[in-house]
Amino acid sequence: MDAPEWACLLDVLDLIKDKHDGTLAYRKSCRMMICGSCGMRMDGRAVLACKERMKPIVDAGHVPVISAMGNMPVLKDLVVDMSPFWGKIRSVKPWLDPGYDEVAEKERIVSQQQMNVIHKEALCIMCGCCVSECNSMEADPDFMGPAALAKGFRFVGDARDQADVERLNTLNEEHGIWDCTRCYFCNERCPKGVDPRDAIAKLGAESVKQGVDHDMGAKHAKWFIRSTETTGWLRETELVPKTQGIIEAIKQTGFALKLARKGKVPPPFPPHVAADVKEARALRELVGEQGRDGALGIVQGEHALGRIEFTEEAGARENAPEIQPGVEPPPAEG
Ligand code: SF4
Ligand code: SF4
Ligand code: FES
């Protein structure tokens, strides 16, 4: 296929459709990475066709394989049925709940720092690339998935929304945040830098902070923290009773004994205390002193690190309480 040097994958598909095969089916609209229509796979990874420049690929002598996105039924060629994707997006309440009925007499100003908390999540164009690559969704099609969960944090983290606990309770249900396997494929593949896995981590941290911790996943995470701050190590033998409860732990005694016979279960007593346990405790204290609990404590991935640098420059960390998600902004001066 001859194409101009500037051609992207979408241009090449247009040329194929115009000159070779008018039946080729794919979606497109904006051609500028805004509408989210042209998600597909190139060499097995989800991409936006209008974002992928073809020249470097041609220069490398590579012939890419183009296919439809994963985790959604293929309708024709590169077109998938996105109903499962939209169903999950629609399950997240899509309006702000400010917690008051009357319009305030005074204007309520939301600072840039407060909006920075949800800056990445608000960039989502709903292309479905993250869902296409989600390993949890492949195993459990009912898993809410990265895009809907990122949308969930877009509201939980919004300072104007006061329905955090209600939202977190919903997102903590079966097939919710704790079913993510943390494979990070969604962060890797999102063409807009939304980093949905980070949003899920923020939802988890915010759930624990707000006491929405009935799910096994939350209990598991809490035990990790407790275990490492007390002994510097993860006390694995206590993980099952602490996470699943005593009755479930008793039911698994046979399995535990088999593991113990193979030397795969360390004896619970005396607990294994790390030589440098004071370091783990000091680290925990340091994090506590920063006052960045809940969603603000999550710093993951290079996009997130970039954002923290930005907020450092803007002096936002010195004003940490001001950017707590869900906390009403201080009254405007004057
Ligand atoms: S999070 Fe990223 S990959 Fe997923 S739908 Fe939104 S923009 Fe697309
Ligand atoms: S990190 Fe979680 S949500 Fe993202 S792709 Fe992996 S399993 Fe899916
Ligand atoms: S055509 Fe709109 S994002 Fe590619």
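Mentor: Helices H3 and H7 cross with a right-handed sense. This is a predicted model, and the geometry that follows is computed from it. H3 covers residues 83–90, and H7 covers residues 146–156. Their axes come within 8 Å. The crossing angle is roughly 20°. Angles under 35 degrees count as roughly parallel, so H3 is roughly parallel to H7.

Now the residues. H3 contributes Phe85, Lys88 and Ile89 to the contact. From H7 come Ala147, Ala148 and Lys151. By class, the contact of H3 with H7 has four nonpolar residues, two charged and no polar.

Next, the ligand site. Pro146, a residue in the range of H7, is among the residues surrounding ligand 2. Also around ligand 2 are Cys134, Ser136 and Phe143. The run Cys180, Thr181, Arg182, Cys183 and Tyr184 belongs to the surroundings of ligand 2 too. Cys186, Arg197 and Ile200 complete the list for ligand 2. The shell around ligand 2 divides into eight nonpolar, two polar and two charged residues.

Last, the chain as a whole. The helix pair sits in a chain with 16 helices and five strands. The chain has 334 residues, and 40% of them count as buried. Take the contacts between residues at least 6 apart in sequence: 69% of these join residues at least 24 apart.

Definitions and conventions. Residues are numbered from 1 along each chain as its sequence is written. Chains are lettered from A and ligands numbered from 1 in the order in which they are written. This is a predicted model: local features need pLDDT of at least 70, side-chain atom pairs count only at pLDDT 80 or more; totals for chains, interfaces and linings use all residues. Side-chain values use heavy atoms; hydrogens and water are left out. Axes are lines fitted to C-alpha atoms, for helices over the stretch in contact, and angles run from 0 to 180 degrees between N-to-C directions. Helices (H or I, at least four residues) and strands (E, at least two) are DSSP runs, numbered from the N terminus. Angles under 35 degrees count as roughly parallel, over 145 as roughly antiparallel, 65 to 115 as roughly perpendicular and the rest as oblique. A crossing is left-handed if the near helix is turned anticlockwise from the far one by less than a right angle, and right-handed if clockwise. Contact means heavy atoms within 4.5 Å. Ala, Val, Leu, Ile, Met, Phe, Trp, Tyr, Cys and Pro count as nonpolar, Asp, Glu, Lys and Arg as charged, and the others, Gly among them, as polar. A residue is near a molecule or strand if one of its heavy atoms lies within 4 Å of it. Buried means under 20% relative accessible area, exposed over 50%, partly exposed in between (1.4 Å probe, protein chains only).
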